Amino acid sequence: MNTNTLPSTALSLGGFLRDRRARLPPAPGAQSRRRTPGLRREEVAARAAVSVTWYTWLEQGRGGPPSDDVLERLARALELDAVGREVLFLLAQQRPPPLTLAPTAPVPPAVQRVLHAFADRPAIVKNPTWDIVAWNEAASAVLADYEDAPVLERNVLRRLFSDPVIRDSLPHWEDDARFAISVFRVDVARAGAGSEALALAAELQASSDDFRRLWAENEMRSHWIGMKQLYRPLVGSFELETLAFAVDGADGLSMIVFTPVTEADAHAVARLIAAHAARG
């Protein structure tokens, strides 16, 4: 169901519920007995397994914000698509819905094409547990060779806190690690209790003293823009600007593009890409 256009009366939780309810066809044979289109409140309440009184209060703007569970049931009862579900949570709780983690879900082909379009700069796609689920050739050449890495080793946080090679390649490892954890903490909060992101946080606290120490600082940051300095024996130190984009329509996925800051940085990246291609 398309929810991209909403009448002004739908810009509240009650208005949105009434508008969505009116768009749903009643059971076959029931339409002839109705003066108005759509489902009755009683039918939506039955679909969502809530009381008619409670549902009526929601349409009237009473009763307080509903829980995540109630909102999920209402989304199914009203046959909302992903956009409608997000609007429902935003109107009811002033926040997006919890992420549905799907680490093994395929990356949309359009996203993979965008990655490959960045021929001269590394670009990756990660999920909320920081698994690298897609990358381009430049990322393998400059950041890490994801094609040859086992699945568990494609996790940014596991590599950051357990791989000495990765640690040696980051002149400012402490700052980078602190930044990564502060962003990851936000991903954990979005994913909610019982999530794979929370399980990964527990795993890393048990296996890494550094992770446990930095996690205890309770820092939270946005992942949208940052700077990263890298060291590679072939080219020495160079700097990349990082910019993250949420992948619309792919729950929890984000694309991160690494752009050289100066001409010298761009030359270093180009040499690494060329060397990687020569190795085949």
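This is a predicted model: local features need pLDDT of at least 70, side-chain atom pairs count only at pLDDT 80 or more; totals for chains, interfaces and linings use all residues.
Helices, meaning H or I runs of at least four residues, and strands, meaning E runs of at least two, are taken from DSSP and numbered from the N terminus. Residues are numbered from 1 along each chain as its sequence is written, and side-chain values use heavy atoms, with hydrogens and water left out.

I begin with Pro65, which sits in the loop between helix H3 (52-59) and helix H4 (68-77). Is Pro65 buried or exposed? Its relative accessibility is 61%, so Pro65 counts as exposed; the cut-offs are under 20% relative accessible area for buried, over 50% for exposed, and partly exposed in between, with a 1.4 Å probe and protein chains only. From Pro65 to Phe89 there are 24 residues in sequence, and 9.6 Å in space from C-alpha to C-alpha.

Next, the helix packing. Helix H2 (residues 41-48) packs on H3 at an angle of about 115°, the axes being 9 Å apart. Axes here are lines fitted to C-alpha atoms, for helices over the stretch in contact, and angles run from 0 to 180 degrees between N-to-C directions. H2 and H3 are therefore roughly perpendicular, a term that covers 65 to 115 degrees, with under 35 counted as roughly parallel, over 145 as roughly antiparallel and the rest as oblique. On the H2 side the contact (heavy atoms within 4.5 Å) involves Arg41, Glu42, Val44 and Ala45, and on the H3 side Val52, Tyr55, Thr56 and Glu59.

I turn now to the sheet. Five strands form an open, antiparallel sheet in the order E2-E1-E5-E4-E3, where two strands pair if DSSP finds at least two bridges between them. Its edge strands are E2 (132-135) and E3 (225-232), each pairing on one side only.

Which residues of E5 stand opposite Val125 and Glu241? Strand E1 (residues 123-126) pairs with E5 over 4 bridges, and Val125 faces Met255. Strand E4 (residues 236-246) is joined to E5 by 7 bridges, with Glu241 opposite Thr259. E3 and E4 share 8 bridges, and there Ile225 has Leu243 as its partner.

Finally, strand E5 (residues 254-260) has 6 of its 7 residues buried, so the strand is largely enclosed by the rest of the structure. Helix H13 (residues 263-279) lies across E3, E4 and E5, at about 90° to E4, and helix H6 (residues 109-117) lies across E1, E2 and E5, at about 55° to E2.
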